[in-house]
Amino acid sequence: TSYNMFGSKDEVLKAMDVSNFDWSVFQKKEVVEELPHINKHYSIIRQLQPQSVEDLADVLALIRPGKIDLFDDYLADKVKTRKRLYKRPSNGGMYFKKSHAIAYAMMIVVVINGQKRFDFFG
């Protein structure tokens, strides 16, 4: 699993720190292709350029079924589009709850921080 590289809960908690996180890592195709949940979506990541956990959560919500149609709207105005991104579709279609998207985004940050720690990305 994503957390197997850590020896303790404290190591995981340290890897959750985003205070010095380098968000430009998502512009590196070779890095994105190794990450869980977003590895096949480099072109979307490159265009959206996440700069926070919330931005990364939005990317995850957009690539899930039923919300990719909001991509252009999100590019134009992400704050306004967020209100629609996490709403349950009236047709009962699939969507991603914001709490789940944030949790998945944090897991990706932890993986990146952990892999940097163990020099997987150089």
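Predicted model: local features only at pLDDT ≥ 70, side-chain atom pairs only at ≥ 80, totals over all residues.
Local features require pLDDT of at least 70 and side-chain atom pairs pLDDT 80 or more, while totals for chains, interfaces and linings use all residues. Residues are numbered from 1 along each chain as its sequence is written, and side-chain values use heavy atoms, without hydrogens or water.

Helix 6 spans residues 78-85. Helices are DSSP runs (H or I, at least four residues), numbered from the N terminus. Thr 81, Arg 82 and Leu 85 are buried (under 20% relative accessible area, 1.4 Å probe, protein chains only; exposed is over 50%, partly exposed in between). Seen down the helix axis, these buried residues fall within an arc of 115°, so they line one face of helix 6. The arc is taken from the directions from the helix axis to the C-beta atoms. The buried residues pack against helix 4 (53-63) and helix 5 (71-76), with contact meaning heavy atoms within 4.5 Å. Val 79, Lys 80 and Lys 83 are exposed on the face turned away.

Four aromatic pairs were found in the whole structure. Rings of Phe, Tyr and Trp (its six-membered ring) pair if their centres lie within 6.5 Å; planes under 30 degrees apart are stacked, over 60 edge-to-face, the rest tilted. Trp 23 and Phe 26 are stacked, because their centres lie 6.0 Å apart and their planes at 25°. Phe 26 has 0% relative accessibility and therefore counts as buried. Ring pairs join Phe 21, Trp 23 and Phe 26 into a cluster. Phe 96 and Tyr 104 pair edge-to-face, at 5.2 Å centre to centre and 85° between planes.

Note on methods
Helix = DSSP H or I, 4+ residues; strand = E, 2+ residues; numbered from the N terminus.
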